[in-house]
Amino acid sequence: MSSLQQPTITSSGEVYILNGSTGGELKPVPFFLNKNLRVLSANLDRACVAVEPTLWTSPVEGALPPCSVYCFKADQSEPEYRAEFETIKAPIRQIAFGSSHTLVLTDDGTLYSRGVAMYGSTGHGGARDVPEFTEVPALKGREVRFVAAGPFYSIAITAQGAVYSWGKAFYGETGLFTQVEAVPRFAAQVTPFKVTQVSCGHSHVLARTQMQQCVSWGENTCGQLGLGQKSKPTYKPQLLSAIPSQVLAVSAGWAHSVAVGTDGRAYSWGLNSHGQLGIGDTSTRLAPHLLHDLLGVHEVVACEAARAFTMFRTNNRALMCGQIPPDLSSSVTMDFAPHRPGKHDPKGCILAPVPLNLSTGEQGSKGMAELSEIVVFDKGAIAFARSTVYRVSPNVAPIQGGTKVRVSVTGIPYQEEESLEKMNVQVRLRSHAPNCDLIVKGRIVEKDLVEFETPDASPSPLGALVEQGTTLPVSVRVSVDGGFTWTPDRTPVGRELERTMRQFPTEQQRAGSGLAQGKKDIQKELTEFKGDFEVRRNALAVSSKCSTMLWYCKWPADGPSQVEPGCAPVAGGTEVLIHVALPARMPTDNLTVKFLCTPKKNLEDAELEARAPMRRDAAEIINSDPATVAKLPLAGSLEVPVIACLDPAGRGVCCVSPPMDAECVHYYNYSVMVSLDGHNYMQRSLPFKIFDIHVAELHPTLGVLTENTEVRVKTVGFVQSDILKVRLEFPKDAGKAFKTVPAHYDHTTGDVIFSMPPLDVPQAAPALDAEGGGEEAPAETEAPEALAGMEVKVELSLDGQTFTEDHVHFCYVGDIQPEVIKLLANPDGNPPEEDPKAKTGKNKNPEDEFVTLQKGSKIGCVTAGLPSIALDAPLLRCGLSADAEGEVVQTLDMAAQVESIATADGEEELHFIALVPEPPENPNGGPWFVKRFQVSMNGQSFRACPEQPPMKLEPLPPE
């Protein structure tokens with residue numbers, strides 16, 4: 001239960017406590033936040049914390065800062081100051097205590113003790129109590145390097161490896177043959193094992209030797225010695241061969257033991273009444289048992305055994321098994337752990353190790369602290385999270401220096417501004433290959449935040465490599481005491497250093513996140529799934545470590561070369577690619593693209609300029625100077641930074657365009673800039689455009705569904721773009737996916753032109769007959785006529801990604817069948833007179849066979865299949881020839897319309913009609929002969945009328 005395994009060096013950080021009042025969590029103790037922790041110690045019913053002030057000065061040269069010791073007992077959440085430690089003037093190295101005595105070891109190897117001399121536990125001889133800390137006489141000049149204490153006994157190890165022990169030894173726990181020794185005695189049975197660390201349980205002892213083996217002695221009624229059987233107590237150390245690996249740490253509880261191997265595996269044995277062994281049950285084990293639940297999941301580096309629970313520590317967190325420290329002020333037992341079916345598991349106990357939450361104290365959320373030390377006592381635990389760098393922002397900088405960098409550090413002091421100015425904060429930048437060590441001045445700017453400016457590393461060994469295009473990482477460490485203590489070095493080593501955030505999982509690794517379809521080998525796929533999970537977990541861990549380093553790289557001298565697309569809508573959301581050559585292995589945490597909005601001075605549109613924000617504000621000023629107002633920009637300057645990422649293809653940087661103010665889009669010139677660190681931007685900026693485009697109308701708005709139709713799009717707010725696309729959205733009940741078609745810009749008219757494609761009509765599919773032949777069987781197909789009247793939504797895009805939402809429609813119509821053209825009315829509006837000769841068909845004059853047309857004549861034809869909607873620019877087209885039998889030399893287009901005309905039977909028929917315009921002058925001087933009539937609903941798709949005799953087009957007689 002003597003929990004201290006290694007002396008704790010002085011360091012800033014955060015202290016956490018676990019007891020009955022913390023609800024099974026490690027909660028911070030704010031009292032220690034602005035202090036440097038020196039020693040943690042715990043045993044039996046209490047724990048001690050020794051701290052030094054972070055900011056301290058003395059007029060005496062070489063004076064040491066005062067060390068204050070505080071104590072926690074049982075459910076105490078606030079520490080109690082222990083004044084008796086003030087008599088210790090030398091720096092404290094260790095504190096150990098039993099039931100009624102306390103030991104203090106200083107850095108110079110002097111051992112002090114005080115307390116009640118029960119069974120001679122103070123080591124001063126006889127039964128005389130020691131009220132003040134006094135040096136243990138028998139160990140003067142021995143240079144003690146390690147000390148541990150049990151309830152009524154103590155053990156010390158000198159620098160020469162000699163082991164001394166004293167106190168009660170009813171079970172041989174002192175390693176001496178005698179049962180009580182009032183002064184330290186040389187432990188002849190223990191010293192030959194070259195013991196370096198000792199952990200004292202209630203009546204048994206575990207020790208780690210110089211050869212990294214585990215030895216044990218003392219009581220063995222519960223198998224706590226790990227010998228494979230219960231036996232009588234022994235004062236002779238027993239070497240445990242059941243642990244296959246070298247031993248990194250050991251800890252003795254009340255009647256159970258735990259050890260950790262150098263391979264990160266944990267072992268436990270002894271009493272298991274509350275699940276303190278962490279093996280999933282409550283059965284006692286007489287020999288070391290491997291904790292299988294931790295294999296491949298947690299790499300354990302330390303262990304601590306209390307009376308009825310055990311704590312394991314990984315590199316950054318704590319795991320617990322056994323009895324959860326109960327709340328002594330409540331009769332309700334905390335019991336959130338699951339129980340085994342059919343078993344009477346003890347309440348409030350965890351039978352297998354589980355990670356403990358590390359809260360911040362403010363909102364109870366998980367913090368960024370990483371545990372570096374933990375000690376336990378019967379009623380709880382005290383943990384220490386050493387000040388650790390967990391984020392560097394920005395974490396990339398040019399080799400020339402000058403970048404303001406902020407380092408997030410856990411547990412650093414944060415006091416009044418005057419005190420912060422006195423703190424000697426330093427930042428250390430270190431590289432191992434090539435070897436380089438730079439120290440610069442820093443300052444605390446906020447809680448857990450240190451700021452410094454990167455130095456010029458060009459003259460250092462880093463400079464030559466970086467100038468060749470290599471990106472080199474340096475570890476970032478912080479000191480708040482002028483370089484006396486530093487935060488840990490978190491630089492990845494070995495292969496981890498070669499993996500950066502520019503590398504992505506392979507396709508095989510990405511596919512491993514789900515099980516494949518089809519026939520499955522469950523065992524194989526579970527193995528692959530676990531492997532993929534480990535790959536991702538390790539990648540995340542490496543990414544976390546890389547974010548704590550600063551990467552020196554060569555800044556791209558030329559800057560970005562191209563941006564695509566070159567424009568984005570005012571609503572934002574466009575994925576933008578900026579072509580730029582980036583350094584290899586560069587981290588991407590702080591990649592930033594800035595959209596620079598430079599206000600214009602004036603506009604050609606005076607009305608639009610008058611609505612500009614600065615012009616509106618100036619108009620409200622009484623007696624403003626017009627000349628001064630004219631010099632003002634139309635709007636205020638604006639910069640919009642957005643988070644960027646690397647292009648997976650390695651072409652440059654990607655980002656998403658931000659939303660802009662639609663009312664002010666006309667008053668700015670836009671450009672984009674790139675920054676690798678979020679602060680320093682490359683000199684070259686690329687022009688960019690922000691548009692607020694809308695589709696005003698289409699022409700034509702309809703077309704035959706079996707033919708292409710050229711459509712012109714009238715727009716508002718159009719800007720020039722290399723990308724023009726049109727998206728066609730079909731009705732949901734049509735069962736057709738949307739389609740994207742290319743478009744182009746007409747510089748003459750300012751229209752966007754695209755081709756409306758014909759609808760795909762499904763064809764009949766061949767079906768096999770009973771004999772396997774290929775006879776075509778009838779299949780249900782959608783006739784083209786059934787699609788007539790379908791409205792398709794047409795939206796326009798200038799960036800190929802975002803489209804307008806103006807809901808302008810194009811309508812597909814079916815085909816039409818026009819009949820012969822007839823003269824419906826003369827220019828005066830009267831119906832034409834019927835020729836009696838034409839009725840009889842006898843003695844006809846060839847010249848009288850032609851129907852005569854003049855300007856204003858109304859002609860038309862009955863047309864089947866006309867839609868019920870209004871037609872868009874219908875035309876009636878005819879050919880003109882100089883004589884009845886001659887070839888067509890000109891075409892004449894006549895604006896048409898659809899009219900419903902009643903027949904002689906009283907029925908209504910739809911006619912395609914037109915008024916004959918002024919004919920062009922015939923170069924031969926005679927009338928024109930009109931033939932080859934065609935009709936069109938949209939001015940593009942024409943349908944020919946049946947062959948009929950030509951009509952004669954004559955000019956009107958002069959008035």
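Mentor: Start with the terms: helices (H or I, at least four residues) and strands (E, at least two) are DSSP runs, numbered from the N terminus. Residues are numbered from 1 along each chain as its sequence is written. This is a predicted model, where local features need pLDDT of at least 70, side-chain atom pairs count only at pLDDT 80 or more, and totals for chains, interfaces and linings use all residues.

Trainee: OK. How many helices and strands does the protein have?

Mentor: The protein has 9 helices and 62 strands.

Trainee: And what share of the residues is buried?

Mentor: Of the 959 residues, 49% are buried. Buried means under 20% relative accessible area, exposed over 50%, and partly exposed in between (1.4 Å probe, protein chains only).

Trainee: Now the backbone. Where does E143 lie?

Mentor: E143 is in the loop between β10 (130–135) and β11 (144–149). Its phi is positive, about 55°, although E143 is not a glycine.

Trainee: Is E143 buried or partly exposed?

Mentor: Partly exposed, because its relative accessibility is 34%.

Trainee: Which other residue has a positive phi near 55°?

Mentor: H807, which is also not a glycine. H807 sits in the loop between β51 (791–797) and β52 (808–813). With a relative accessible area of 47%, H807 counts as partly exposed.

Trainee: What about cis peptide bonds, where are they?

Mentor: One runs from S393 to P394, with omega near -5°. P394 is in the loop between β29 (389–393) and β30 (396–398). Another cis bond joins E564 and P565, with omega about -10°. P565 falls in the loop between β37 (562–564) and β38 (567–569).

Trainee: Changing topic: how many cavities of 30 Å³ or more are there?

Mentor: The count is 3. On a 1 Å grid over the protein atoms alone, a cavity is a set of points where a 1.4 Å probe fits but cannot get out, and lining residues have an atom within 4 Å of a point. Grid points are joined across faces, edges and corners, and a volume is the space filled by probe spheres set on the points.

Trainee: What volume does the largest cavity have, and which residues line it?

Mentor: Its volume is about 60 Å³. The lining of the largest cavity includes S11, S12, R386, I412 and W486. β1 (11–18) and β35 (472–479) each supply at least two residues of that lining.

Conventions:
Side-chain values use heavy atoms; hydrogens and water are left out. On a 1 Å grid over the protein atoms alone, a cavity is a set of points where a 1.4 Å probe fits but cannot get out, and a pocket is an open set with protein on both sides within 12 Å along at least five of seven lines; lining residues have an atom within 4 Å of a point.
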